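This report describes one protein model in terms of its fold, its surface and a few selected residues. The sequence and the structure are shown first.

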Amino acid sequence: MATYDLEEQEQIAELKAWWKQYGNLVTTLATVASLGVIAWQGWNWYQRNQAVQASAAYAVLQKAVLDNDAQRIKAASGELLEKYGSTTYAALAALKAAHMASAANDAKTAKLQLQWVAEHASDDLRDLARLRLATLLIDEKAYDEALAQLERATAGGFAARVAEVRGDVFAAQGKKAEARTAYQAALTRFDETAKKDGRAAGVQDRQAAAAYRELVQQKLDGQGEGG
């Protein structure tokens with residue numbers, strides 16, 4: 001029994017010595033871990049709250065679009081970009097505002113909205129903005145800028161469309177050989193995607209896909225025979 005008491009006392013002494021040396025570190029680490037959990041929970045709450053408020057602001061934008069109210073569209077889009085720029089709603093709002101501005105022949109506003117999306121949104125929306133921006137730049141005959149936007153598009157889902165718009169740039173420049181190459185690349189990419197995803201596509205999707213392929217084929221045929 002005395003031996004047991006002695007061993008127990010030794011263990012207690014060792015524990016006390018260890019705690020004296022490392023206790024402050026353990027306490028600090030535990031505090032940091034607790035603060036990390038609290039911060040993470042707070043961040044999640046903030047993100048959810050931002051999403052809810054951004055959703056409400058986006059609903060205002062959609063109503064303004066339905067009413068074709070340019071001033072409200074601009075105001076709602078500006079609020080989303082300024083206050084909720086980290087949410088997807090902001091990018092969607094900018095894309096919608098750009099579409100409305102383009103329809104109203106306000107290319108300057110459309111470009112500003114698309115440039116914001118191209119710089120701040122997620123990959124797919126960013127590349128969609130670059131595609132739309134490139135088409136506006138083609139209209140302005142800013143061909144080098146249009147090609148630069150297309151070069152920065154990386155999302156595979158838009159590969160066919162990127163190649164098609166690149167063909168549009170070359171066609172506008174009168175570069176028939178380059179245009180043919182780009183349009184053929186668009187058809188190839190499109191066929192690869194259709195073969196991969198065709199089974200999941202509905203009738204309407206297949207009809208739209210067929211119409212798109214025919215459009216690109218017409219653009220290719222319009223460049224004449226390759227030499």
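## Secondary structure

The secondary structure of the protein chain comprises nine helices and zero strands, where helices (H or I, at least four residues) and strands (E, at least two) are DSSP runs numbered from the N terminus. Read from the N terminus, the order of elements is α-α-α-α-α-α-α-α-α.

## Basis of the values

The model is predicted: local features require pLDDT of at least 70 and side-chain atom pairs count only at pLDDT 80 or more, while totals for chains, interfaces and linings use all residues. Residues are numbered from 1 along each chain as its sequence is written, and side-chain values use heavy atoms, with hydrogens and water left out.

## Burial, surface and contacts

Of the 227 residues in the protein chain, 31% count as buried; buried means under 20% relative accessible area, exposed over 50%, and partly exposed in between (1.4 Å probe, protein chains only). The chain exposes about 14700 Å², and carbon and sulfur atoms supply 55% of that area. Accessible areas come from the Shrake-Rupley method with a 1.4 Å probe; for residues, only the protein chains shown count as cover.

Among contacts (heavy atoms within 4.5 Å) with a separation of 6 or more, residues 24 or more positions apart account for 52%.

## Helix α1 and V60

V60 belongs to helix α1 (residues 2-66). With a relative accessible area of 44%, V60 is partly exposed. Apart from its neighbours within four places in sequence, V60 is in contact with R72 and A76. R72 lies 12 residues from V60 along the chain, and their C-alpha atoms are separated by 8.3 Å.

## Helix α3

Helix α3 (residues 88-103) has 16 residues and should span 22 Å at 1.5 Å a residue; its end C-alpha atoms are 23 Å apart, which agrees. The expected span is 1.5 Å times one less than the number of residues.

The buried residues of α3 are A90, A91, A93, A94, L95, A97, A98, M100 and A101. Just after α3, N105 adopts a positive phi of about 60°.

## Aromatic pair

Rings of Phe, Tyr and Trp (its six-membered ring) pair if their centres lie within 6.5 Å; planes under 30 degrees apart count as stacked, over 60 as edge-to-face and the rest as tilted. By this rule there is one aromatic pair. F190 and Y212 form this tilted pair, at 5.5 Å centre to centre and 50° between the planes. The pair links distant parts of the chain, with F190 in helix α8 (residues 176-197) and Y212 in helix α9 (residues 203-221), 22 residues apart. F190 counts as buried because its relative accessibility is 15%.
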